[in-house]
Amino acid sequence: MPLTSQAKIKVVTLEYNPQLNLIMPHVKTMENTLKAMWEILDCHHVTCTRIEIDGKNYDIWSDDEALLRDKPIPTLYINDDFVLFGNLIFATSDEEGATTALTDEDMDRVLKFINRQMPKLLT
């Protein structure tokens with residue numbers, strides 16, 4: 001069952017690559033289903049966090065149980081009190097709360113935000 005009327009949506013993902021031991025952003029077109037989210041996030045329990053990036057709200061989908069893994073991987077620093085773990089999906093939502101695609105402008109804004117925040121994981 002789709003999360004909204006859009007069958008496929010463009011999103012930005014932040015994914016851990018264990019072979020390279022790197023966290024890498026990707027622009028993807030995904031099926032707009034919970035199953036597709038589970039596959040990208042490598043989980044079965046998701047949570048959505050809304051944050052503001054440069055004046056616009058974005059939804060970040062993540063593994064609700066990421067901290068219960070043997071070796072949790074911090075992937076995105078938001079602020080001193082808030083760090084997200086595991087793979088992430090950035091999207092938007094409509095007035096009813098349904099998940100919607102990112103525009104080209106959104107993708108640019110999200111990728112710039114990720115680049116600004118990445119060095120903060122190292123400190």
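Guide: What follows goes from the charged pairs to the core and then to the strands. This is a predicted model, so local features need pLDDT of at least 70, side-chain atom pairs count only at pLDDT 80 or more, and totals for chains, interfaces and linings use all residues. Residues are numbered from 1 along each chain as its sequence is written, and side-chain values use heavy atoms, with hydrogens and water left out.

Start with helix α2, residues 104-121. Helices here are DSSP runs of H or I with at least four residues, strands are runs of E with at least two, and both are numbered from the N terminus. Within α2, R109 and E105 sit four residues apart, about one turn of the helix. Their side chains meet in a salt bridge at 2.9 Å, N to O. The term salt bridge means a side-chain nitrogen of Lys or Arg within 4 Å of a carboxyl oxygen of Asp or Glu. Side chains of opposite charge can pair when their charged atoms come close.

The two partners differ in cover. R109 is buried, at 16% relative accessible area. E105 is exposed, at 55%. The cut-offs are under 20% for buried, over 50% for exposed, and in between for partly exposed (1.4 Å probe, protein chains only).

A second pair in α2 is K112 and D108, again four residues apart, about one turn of the helix. Their salt bridge is 3.2 Å, N to O. K112 is partly exposed at 48%. D108 is partly exposed at 41%. Salt bridges that share partners also join K56, E105, D106 and R109 into one network.

The structure holds ten salt bridges. One of them lies between the side chains of D42 and R69, at 3.5 Å, N to O. This pair links distant parts of the chain, 27 residues apart. D42 is in the loop between α1 (34-41) and β3 (46-53). R69 is in the loop between β4 (56-63) and β5 (74-79). R69 is partly exposed, with 38% relative accessible area.

Now the nonpolar side. A nonpolar core is a set of buried Ala, Val, Leu, Ile, Met, Phe, Trp, Tyr and Cys residues joined through side-chain atoms within 4.5 Å. The largest one has 17 residues, and I60, L76 and F90 touch the most other members. Two or more residues come from each of β1, β3, β4, β5, β7 and α2. Helix α2 gives the largest share, five residues. In soluble globular proteins, nonpolar side chains tend to be buried together.

F90 shows how the parts meet. Leaving out residues up to four places away in sequence, F90 touches V11, V12, L14, D59, I60, L76, L102, V110 and I114. Contact means heavy atoms within 4.5 Å. Apart from this core lies another, of eleven residues, including I9, I40, L41 and C43.

Last, the strands. β1 (residues 8-17) is mostly covered, with seven of its ten residues buried. β1 pairs with β2 (residues 22-31) in the antiparallel sense over ten bridges. Two strands pair if DSSP finds at least two bridges between them. N17 stands opposite L22 in β2. The hairpin of β1 and β2 has four residues between the strands, and N21 takes a positive phi near 55° there. β1 also pairs with β7 (residues 88-93), antiparallel, over three bridges. In that pairing, L14 stands opposite L88.
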